Amino acid sequence: MSLANGRFPAEGASGAADGLFPAEGASGAADGLFPAEGASGAADGFFPAEGASGTADGLFPAEGASGTADGLSPAEAEDGALLSATGVRKTYGATDALAGAGLQVWAGEVVALMGPSGAGKSTLLHCLAGIVRPDAGTVRYRGADLAGLPDRERSALRRTDFGFVFQFGQLVPELTCLENVALPLRLNGERNRAAAKRAREMLTELGLAEVAGKRPGEVSGGQGQRVAVARALVTGPRVVFADEPTGALDSLSGEQVMQLLTAAARERNTAIVLVTHEARVAAYSDREVVVRDGRTRALEVTR
Ligand SMILES: Nc1ncnc2c1ncn2[C@@H]1O[C@H](COP(=O)(O)OP(=O)(O)OP(=O)(O)O)[C@@H](O)[C@H]1O
Ligand SMILES: [Mg+2]
């Protein structure tokens, strides 16, 4: 895969299998941009075939990326939603992680998924992002059923149209912050110099220029999460999925990350699907949806 072809600095032996996420279940993360959804991620069978060759093939020339995204569907979803989940079910063994969840996300809006631990928030986020295949129900992105897309297209879609921010940043420790931000661009086939230039511009725009040359281990937790935000936004995605992006931070750093993430996303008309336990984090959203026992319920919150 790309990391083996000499185009990226070497990783540690157990480092990110995909170059973007640390090995949380290395095989689950093999396709290039994903967090493994836990140890059973790869075993659940959604993206088993997108391993090394998928990523290698996925280094599209410049027109490949936009072509895939734009060619996905001639029309947006009928209901006008950018992303739309209906009747989504997902079972792990005897556990109904999702039991008929639904959610619609419109372009540019910030939606918070709230709910108790184990309610199904992360599973729903992974289904929306095309990382986990629902057992039943559908997820449509711009009108196209994600489950109906060939692996390669779904994989490309995640690289071009989606961005991800996780609780522990999941920056590649061996790379500088600049290289981490450039990585999604490199995976999309951009040349090193152009990718580095855009990554530097993004870091500068987000007030992070001073950390560009540092490695993740040399910056604070809050700075690391802001670099993760830069990495999520650098490709110009339409949706950023953020799973407890402030969960590991003190409250001040958490506020800074949320301010940065929501301001930058709003400026770009990028939608955010945000999972959080914290009301003060959810307060950055336009809309709150409660997930409980694998089902979704809109909460009346007007902002
Ligand atoms: N890969 C998996 N294998 C087995 N069970 C899983 C897996 N992923 C989720 N589950 C189970 O599905 C249920 C929902 O999990 P999920 O991670 O979606 O909850 P959550 O709302 O994100 O919780 P938390 O707030 O603790 O992160 C839980 O009972 C969980 O144990
Ligand atoms: Mg979770």
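## Sheet

Two strands are taken to pair if DSSP finds at least two bridges between them. In this predicted model, four strands form an open sheet in the order β2-β1-β4-β5, and their pairing is antiparallel.

Strand β1, which covers residues 83-92, runs antiparallel to β2 and is joined to β2 by eight bridges. Within this pairing, A85 has L103 of β2 as its bridge partner. In general, the strands of a sheet pair through backbone hydrogen bonds, in either a parallel or an antiparallel manner.

## Helix pair α7 and α8

Helix α7 (residues 221-233) and helix α8 (residues 251-268) have axes that come within 9 Å and cross at roughly 15 degrees. Angles under 35 degrees count as roughly parallel, and α7 and α8 are therefore roughly parallel to each other. The crossing of α7 past α8 is right-handed.

On the α7 side, the contact is made by G221, G222, Q225, R226, V229 and L233, and on the α8 side by S253, Q256, V257, L260, L261, A264 and R268. Classified by residue type, this contact of α7 with α8 comprises six nonpolar, five polar and two charged residues.

## Overall chain

The protein chain contains nine helices and 10 strands. Of its 303 residues, 51% count as buried. Among contacts in the chain with a separation of 6 or more, 69% are between residues 24 or more positions apart.

Note on methods:
Residues numbered from 1 in each chain as written. Chains lettered and ligands numbered in written order. Predicted model: local features only at pLDDT ≥ 70, side-chain atom pairs only at ≥ 80, totals over all residues. Helix = DSSP H or I, 4+ residues; strand = E, 2+ residues; numbered from the N terminus. Buried ≥ 20, exposed ≤ 12 C-beta atoms within 10 Å, placed from the backbone. Contact = placed C-beta atoms within 7 Å. Axes fitted to C-alpha atoms, helices over the stretch in contact; angles between N-to-C directions. Parallel < 35°, antiparallel > 145°, perpendicular 65-115°, else oblique. Left-handed = near helix turned anticlockwise from the far one by under 90°. Nonpolar A, V, L, I, M, F, W, Y, C, P; charged D, E, K, R; others polar.
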